[in-house]
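Student: Could you take me through one part of this protein up close? I'd like a single spot to start from, and then a tour of whatever else is worth a look.

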Amino acid sequence: MPVPDLQLTATLKKRAQELGFQLSGITDAAAPLHLGEFKHWLASGFAGQMHYLPNRSKAYEHPDSILYGVQSILMLGMTYPGNDQAKALAPGSGRVARYACGSDDYHDIIHNRLGQLRETLLAAVPGALARGVVDTAPLLERDFAQRAGLGWIAKNTMLIHRDLGSWFFLAALLTDQPLVADEPFISDHCGSCRACLDACPTDAFPEPYVLDASRCISYLTIELRSPVPRPLRGPSGDWVFGCDICQDVCPWNNPLEILSEDAFQPQAQFTPLELVKLFDLDDEAFRDRFRKTPIWRTRRSGMLRNAAIVLGNQQYQAATGALGRGLSDKEPLVRGACAWALGELQTPRSVSLLASRLETEQDPVVQEEIRQALEGTDNLQETSSGDPPPGVTSP
């Protein structure tokens, strides 16, 4: 059994702090403690359409799938600002999860810092193996973060640190060098609190510590590539990208003043995001605006789908023109969402747009969206044809 390197451990932790990681802890590389729960979660269908998770489930069984010969994992946390989403929104705007409101994609920032941390390790031990990862590798980050002493996995499945709450990104540096492991965090400080479970508008928690991702607003607005299920559209409210509700209500997050990178500070263009203007963006314009931000993950079609749902929930009649343009978009995903949103507006103009589109729409899914949107709008259809509504005399 190799002897853990105390000096290298101290050097890496010190360097991690200098690089902006507020949290650091070390654990031995081993099978995840929650591997059984993870596989049961997959078998329950809670991953939804995130097929990459079950497709590589074998890789989650041990971190040597990421770095062969790994001995130690340095788990890291980098904070971002939280806790100012409670303010009311003006109609026509949507909420973006706090982690995505900065000027740059956190992946780029953290990968760069991990690269510098890796260089520090290689300078100390030439020929050592090391790899840094940020939430894209097959690693159960929260499992290893808990084992590294960074906090506990809460009822909303987030990792919570007693001082920093849950407003931080997780990252890891894996190495074949033996480092001194920290004591695992074995306490659970959620107690009898159910704030996160009760606040979720889509009932995404079938039980404490279990998230049904297929009902989570973050999944619905980011990972889901098909139409949002109709029963979950209304409960998604104003969220156009991600969701912070279960973090906003957590007592461990209130109140907190957290220092973070300048690149993570909320930008005015995202807090909130103006939705109507999104319908003027073609693929290239959307790429130019969002390519270096987390929002790029939705691509244009996903974001316009989300925007249409929010505008429909707000019954924002000033968006009729934008939704009408979306009803003729090249993407069926966008057309279907705009059809639903126009149906929610319940105005003569929106009904007229739907009826006209139904005559030319070829996609069966979109056709059904239009038909359902038109249900119960007979009076409005009469009005939209140019005839006055019953009881009103033409001038």
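Predicted model: local features only at pLDDT ≥ 70, side-chain atom pairs only at ≥ 80, totals over all residues.

At what angle do H13 and helix H15 pack, and how far apart are their axes?

Tutor: Happy to. Helix H13 packs against helix H15, which covers residues 364–374, at an angle of about 5°, and their axes are 8 Å apart. Anything under 35 degrees counts as roughly parallel, so H13 is roughly parallel to H15.

Now look at who does the touching. On the H13 side you'll find Pro332, Arg335, Gly336, Ala339, Trp340 and Gly343, and on the H15 side Val366, Glu369, Ile370 and Ala373. Sort the residues of this contact by class and you get 6 nonpolar, 2 polar and 2 charged.

H13 has another partner, so let's turn to helix H11. H11 spans residues 299–314 and H13 spans residues 332–345; their axes come within 8 Å and cross at roughly 5°. That angle makes H11 roughly parallel to H13 as well. From H11, the residues involved are Ser301, Gly302, Leu304, Arg305, Ala308, Ile309, Leu311, Gly312 and Asn313. They meet Leu333, Val334, Ala337, Cys338, Trp340, Ala341, Glu344 and Leu345 in H13. By class, this contact has 11 nonpolar, 4 polar and 2 charged residues.

Arg299 has a positive phi of about 55° although it isn't a glycine. With a relative accessible area of 40%, Arg299 is partly exposed. Asp203 gives you another case: its phi is also positive, about 55°, and it isn't a glycine either. You'll find Asp203 in the loop between helix H6 (195–199) and helix H7 (217–223). Its relative accessible area is 57%, so Asp203 counts as exposed.

Leaving aside residues up to four places away in sequence, Leu197 touches Lys155, Phe205 and Pro208. Leu197 and Leu211 are 14 residues apart in sequence, and their C-alpha atoms are 9.7 Å apart in space.

Next, the cysteines. A disulfide is a covalent bond between the sulfur atoms of two cysteines. This structure holds 0 of them. Take Cys196 as an example: the closest cysteine sulfur to its own is in Cys246, 6.2 Å away, which is too far for a bond. Seen from the other end, Cys246 is in no disulfide, and its nearest cysteine sulfur is that of Cys196.

Now for the aromatic rings. The protein has 14 aromatic pairs. In one of them, the rings of Phe169 and Phe264 have their centres 5.1 Å apart and their planes at 65°, so the pair is edge-to-face. This pair links distant parts of the chain, 95 residues apart: Phe169 is in strand E7 (residues 168–175), while Phe264 is in the loop between helix H9 (245–248) and strand E9 (273–274). Both Phe169 and Phe264 are buried. They also belong to a cluster in which ring pairs link Tyr80, Tyr99, Tyr106, Trp167, Phe169, Phe241 and Phe264.

That loop between H9 and E9 has something else to show you, because Pro272 has its place there too. The peptide bond from Thr271 to Pro272 is cis, with omega near 0°.

Finally, zoom out. The protein has 16 helices and 9 strands. Its C-alpha atoms fill a box of roughly 90 × 40 × 40 Å, taken along the principal axes. Of its 395 residues, 51% count as buried. And if you take the contacts with a separation of 6 or more, residues 24 or more positions apart account for 76% of them.

Technical notes:
Residues numbered from 1 in each chain as written. Heavy atoms only, no water. Axes fitted to C-alpha atoms, helices over the stretch in contact; angles between N-to-C directions. Helix = DSSP H or I, 4+ residues; strand = E, 2+ residues; numbered from the N terminus. Parallel < 35°, antiparallel > 145°, perpendicular 65-115°, else oblique. Contact = heavy atoms within 4.5 Å. Nonpolar A, V, L, I, M, F, W, Y, C, P; charged D, E, K, R; others polar. Phe/Tyr/Trp six-rings, centres within 6.5 Å; stacked < 30°, edge-to-face > 60°. Buried < 20%, exposed > 50% of the residue type's maximum accessible area, 1.4 Å probe, protein only. Disulfide = S-S within 2.5 Å.
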